[in-house]
Amino acid sequence: MRLFRKRRSELVDPRTPWPDQPVHQDPAAAAATFWRRWRELLPEISAALGDGEPRRAEASLCEAVAALHPNLQFSLERGQRAIYALVVSGQEDPLLRPYTDAWKAAAPADDAVWEYHDSVPPVPDPTEVTVNLGEHRVSLADVRVVAQVDEEERVVDVAVYHPVLADLRQQARTAMTFLPLDATLGERLAAERLRRVETAVAEPEGTITLLQLRDVVLGLAGNVGGAD
């Protein structure tokens, strides 16, 4: 469950251009600065989460992530092994990878309360996820995928189908095409192994479930132990 996901630009009036922010040229130094700030902010963040009001802490955390690199995204989520997870993601942009790599390398060890991810991780079982999208409740258990495997390149072309996709506007339709894939594979594995992604508004033949897709992609990646 995502508690919130924000980019700094989402905190301001969209009519007001956000000034360009300088990019730190030393990812390791930027990461060290972030983690010092994280320790300072942790009591505020913990109090906000304990009160069930995570957005109270978002402005301060947005500033800290933007100082690491202004193009990074972040989210606070329910953890898989800990209570909470902090995710800082460059959405697999190679120009941002040095910053997320340095951030993860300098991160504290995971503990019972916090775990840290440098890309959006998969959920344990995507078929248990339901997404509220306007008037629609979209169960990922009903998603079906056509997967065409390129064994030589070790990648997969996919077409994603859900009965509600035909009723959605284009932006929501695109979001609901990619969301099940990220939930199933995690952001990094999806970026590495999915080559072409299409939306199917009518159910095609030869579909498989999201969990079957995970097995296919993990097999290509040589990672039979898990998707994260």
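The questions and answers below concern this predicted model.

Biologist: How many helices and strands are there in the chain, and what share of its residues count as buried?
Modeller: The chain holds six helices and nine strands. A residue is buried when its relative accessible area is under 20%. Of the 228 residues, the share that counts as buried is 43%.

Biologist: What share of the contacts with a separation of 6 or more comes from residues 24 or more positions apart?
Modeller: A contact here means heavy atoms within 4.5 Å. Among contacts in the chain with a separation of 6 or more, the share from residues 24 or more positions apart is 67%.

Biologist: Are helices α1 and α2 roughly parallel or antiparallel?
Modeller: Helix α1 covers residues 27-50 and helix α2 residues 58-68, with axes 9 Å apart and an angle of about 175 degrees. Angles over 145 degrees count as roughly antiparallel. The relation of α1 to α2 is therefore roughly antiparallel.

Biologist: Which residues of α2 meet α1?
Modeller: From α1, the contact takes in A30, A31, F34, R37, W38, L41, E44 and I45. By class, the contact of α1 with α2 has ten nonpolar, one polar and two charged residues. On the α2 side the residues are S60, L61, A64, V65 and L68.

Biologist: Is A159 buried or exposed?
Modeller: A159 lies in strand β8, residues 155-161. Leaving out residues up to four places away in sequence, A159 touches R144, V145, V146 and E198. Its relative accessibility is 16%, and the cut-off for this class is under 20%, so A159 counts as buried.

Biologist: How far apart in space are A159 and A200, C-alpha to C-alpha?
Modeller: In sequence, A159 and A200 are 41 residues apart. In space, their C-alpha to C-alpha distance is 5.9 Å.

Biologist: What is the N to O distance in the salt bridge of R56 and E53?
Modeller: R56 is partly exposed, with a relative accessible area of 43%. E53 is also partly exposed, at 40%. Their side chains meet in a salt bridge with an N to O distance of 2.8 Å.

Key: Residues numbered from 1 in each chain as written. Predicted model: local features only at pLDDT ≥ 70, side-chain atom pairs only at ≥ 80, totals over all residues. Heavy atoms only, no water. Axes fitted to C-alpha atoms, helices over the stretch in contact; angles between N-to-C directions. Helix = DSSP H or I, 4+ residues; strand = E, 2+ residues; numbered from the N terminus. Parallel < 35°, antiparallel > 145°, perpendicular 65-115°, else oblique. Nonpolar A, V, L, I, M, F, W, Y, C, P; charged D, E, K, R; others polar. Buried < 20%, exposed > 50% of the residue type's maximum accessible area, 1.4 Å probe, protein only. Salt bridge = Lys/Arg side-chain N within 4 Å of Asp/Glu carboxyl O.
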